[in-house]
Amino acid sequence: MEQKNLSKWLKTISLCLAAAAAVFYFLLLPVWARSAIEAEHYWYWMTFFWLTLLPNYLSLWQFWRICCQIGCDNSFSRENADSFRRISRILASEALLLFSGILLMFLAGMGHPNLCILLLLIMLAVLAVSILSAVLSHLVMKAYQLKQENDLTI
């Protein structure tokens, strides 16, 4: 697949993910939460859920930057390695935010056990993607260094 075409597809997927997250967080989640969470705890949980959306959009922005580099036929670049490292750090901080929020809500007596278990599973998935992003950052940096060495040889 041509680099520009691949970049367009990845950008389209990014936009679809951003739109799906907005629909989920602002339309579906509030309706579901009203029936699943006690009324006096509803706004605490919704504020917590909306806070967890910010790292997701920051990660998508970094991924968008990677897509732009791919479109410029610059897949193995320092910029992409840095973006993957930022994604890894953003997602690690989101995992920490999820864990802290779950712990805080549970200790405050607002934690529904099923919801806490679900959020712990989501936290583990976020942590796994964070680790994968760190590995990709390392591999892209290695490929960039090899590319630089090959460009210097005659």
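This is a predicted model: local features need pLDDT of at least 70, side-chain atom pairs count only at pLDDT 80 or more; totals for chains, interfaces and linings use all residues.
Along the sequence, Ala21 and Arg85 are separated by 64 residues, while in space their C-alpha atoms are 23 Å apart.

## How the helices pack

Two packed helices are described by the angle between their axes and by the distance between those axes. The residues that make up the contact of H1 with H2 divide into 25 nonpolar, six polar and three charged.

Helix H2, which covers residues 42-71, also meets helix H3, which covers residues 78-107. The axes of H2 and H3 come within 9 Å and cross at roughly 170 degrees, so that H2 is roughly antiparallel to H3. In the contact of H2 with H3, the residues divide into 17 nonpolar, eight polar and four charged.

## The loops between the helices

Glu38 has its place in the loop between H1 and H2, where the residue is partly exposed, with a relative accessible area of 47%. Between Glu38 and Glu94 there are 56 residues of separation in sequence, and the distance between the two in space is 25 Å, taken from C-alpha to C-alpha.

The loop between H2 and H3 is the place of Asp73. Although Asp73 is not a glycine, its phi is positive, at about 55 degrees. The relative accessibility of Asp73 is 56%, so this residue counts as exposed.

How many salt bridges does the count come to? The count comes to one salt bridge, and the pair in question is taken up here residue by residue. Arg85 forms a salt bridge with Asp82, and the closest N and O atoms of the pair are 2.5 Å apart. Both Arg85 and Asp82 lie in helix H3, where they are three residues apart, or about one turn of the helix.

The two partners fall into separate accessibility classes, as their values show. Arg85 has a relative accessible area of 33% and is partly exposed, whereas Asp82, with a relative accessible area of 17%, is buried. The cut-off behind the second assignment is that buried means under 20% relative accessible area.

## From helix H3 to Cys116

Leu103 is another residue found in helix H3, and at 42% relative accessibility Leu103 counts as partly exposed. In sequence, Leu103 and Cys116 are 13 residues apart, and in space they are 8.6 Å apart, again from C-alpha to C-alpha.

Which residues make the nonpolar surface patch of about 730 Å²? The patch is made by Ile117, Leu121, Leu124, Leu127, Ile131, Val135, Leu136 and Leu139. One of these residues, Ile131, is found in helix H4, which runs over residues 113-152.

Is Ile131 buried or exposed? With a relative accessibility of 53%, Ile131 counts as exposed, because the exposed class begins over 50%.

Methods:
Residues are numbered from 1 along each chain as its sequence is written. Side-chain values use heavy atoms; hydrogens and water are left out. Axes are lines fitted to C-alpha atoms, for helices over the stretch in contact, and angles run from 0 to 180 degrees between N-to-C directions. Helices (H or I, at least four residues) and strands (E, at least two) are DSSP runs, numbered from the N terminus. Angles under 35 degrees count as roughly parallel, over 145 as roughly antiparallel, 65 to 115 as roughly perpendicular and the rest as oblique. Ala, Val, Leu, Ile, Met, Phe, Trp, Tyr, Cys and Pro count as nonpolar, Asp, Glu, Lys and Arg as charged, and the others, Gly among them, as polar. Patches are made of residues with over 30% relative accessible area and no salt bridge: like charges are joined within 9 Å, nonpolar side chains (Val, Leu, Ile, Met, Phe, Trp, Tyr) within 5 Å. Accessible areas come from the Shrake-Rupley method with a 1.4 Å probe; for residues, only the protein chains shown count as cover. A salt bridge is a side-chain nitrogen of Lys or Arg within 4 Å of a carboxyl oxygen of Asp or Glu. Buried means under 20% relative accessible area, exposed over 50%, partly exposed in between (1.4 Å probe, protein chains only).
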